[in-house]
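Dear colleague,

Please find below the structure that I am handing over to you, followed by a short account of what was found in it. I would be grateful if you kept the structure open while reading.

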Amino acid sequence: VQLQASGGGLVQPGGSLRLSCAASGSILSKNAMGWYRQAPGTQRELVAASTTFGTTTYADSVKGRFTITRDNAKNTVYLQMNSLKPEDTAVYYCRYSASGRDYWGRGTQVTVSS
């Protein structure tokens, strides 16, 4: 499975960004896809995740600001990030999980700064 992420960049506090992650290869019909992030000197943490069953999970720090959606026909997951804060600055990684295996994308930088 290969993951292609896009959509990172530099944005001012209060701004918005939309990340996309497309999975290709041997995609199983039952899977989970999500976004994690890692800031310098910190551990990678879950931001949001979505399953093909329709369940979603969010980190408390992003609830009400970020929304994860997915297009199962395109094997693509999106992360709409609104009301961005400087503490959201990190490298964001896409993750695909199915049948006990995990795959990671290369990461995309999100910087929130004035």
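Phe66 stands opposite Met81, which belongs to S8. Helices (H or I, at least four residues) and strands (E, at least two) are DSSP runs, numbered from the N terminus. Please note that this is a predicted model, in which local features need pLDDT of at least 70 and side-chain atom pairs count only at pLDDT 80 or more, while totals for chains, interfaces and linings use all residues. Residues are numbered from 1 along each chain as its sequence is written, and side-chain values use heavy atoms, with hydrogens and water left out.

The open sheet

S7 and strand S8 (residues 76–81) are paired in the antiparallel sense over six bridges; two strands pair if DSSP finds at least two bridges between them. An open sheet is formed by four strands in the order S1-S3-S8-S7, with antiparallel pairing. Strand S1 (2–6) and strand S7 (66–71) stand at the edges with a single partner strand each, so one side of each is left without a neighbour in the sheet. On average, neighbouring strands of this sheet are turned by 15 degrees against each other, direction ignored (axes are lines fitted to C-alpha atoms, for helices over the stretch in contact, and angles run from 0 to 180 degrees between N-to-C directions).

The loop between S7 and S8 contains Asn75. Asn75 is not a glycine, yet has a positive phi of about 50 degrees. With a relative accessible area of 24%, Asn75 is partly exposed (buried means under 20% relative accessible area, exposed over 50%, partly exposed in between, with a 1.4 Å probe and protein chains only).

The hairpin of S9 and S10

S9 and S10 form a hairpin with two residues between them, and their antiparallel pairing runs over four bridges. Ser99 is found in the loop between strand S9 (90–98) and strand S10 (101–104). Its phi is near 50 degrees, a positive value in a residue other than glycine. Ser99 counts as exposed, at 66% relative accessibility.

Ser97, in strand S9, stands opposite Asp102 in S10. Is Ser97 buried or exposed? At 17% relative accessibility, Ser97 counts as buried. The side chains of Ser97 and Arg95 are joined by a polar contact of 3.1 Å (a pair of N or O atoms within 3.5 Å; within protein, one must be able to donate a hydrogen and the other to accept it, and residues adjacent in sequence count only if both atoms are side-chain atoms).

Aromatic rings

How many aromatic pairs does the structure hold? There are two aromatic pairs (rings of Phe, Tyr and Trp, the last by its six-membered ring, pair if their centres lie within 6.5 Å; planes under 30 degrees apart count as stacked, over 60 as edge-to-face and the rest as tilted). Tyr36 and Trp104 form an edge-to-face pair, 5.0 Å centre to centre with 70 degrees between the planes. This pair links distant parts of the chain, with Tyr36 in strand S4 (residues 32–38) and Trp104 in strand S10, 68 residues apart. Tyr36 is buried, at a relative accessible area of 16%, whereas Trp104 is partly exposed at 36%. Tyr96 and Tyr103 form a tilted pair, 6.0 Å centre to centre with 50 degrees between the planes.

Yours sincerely
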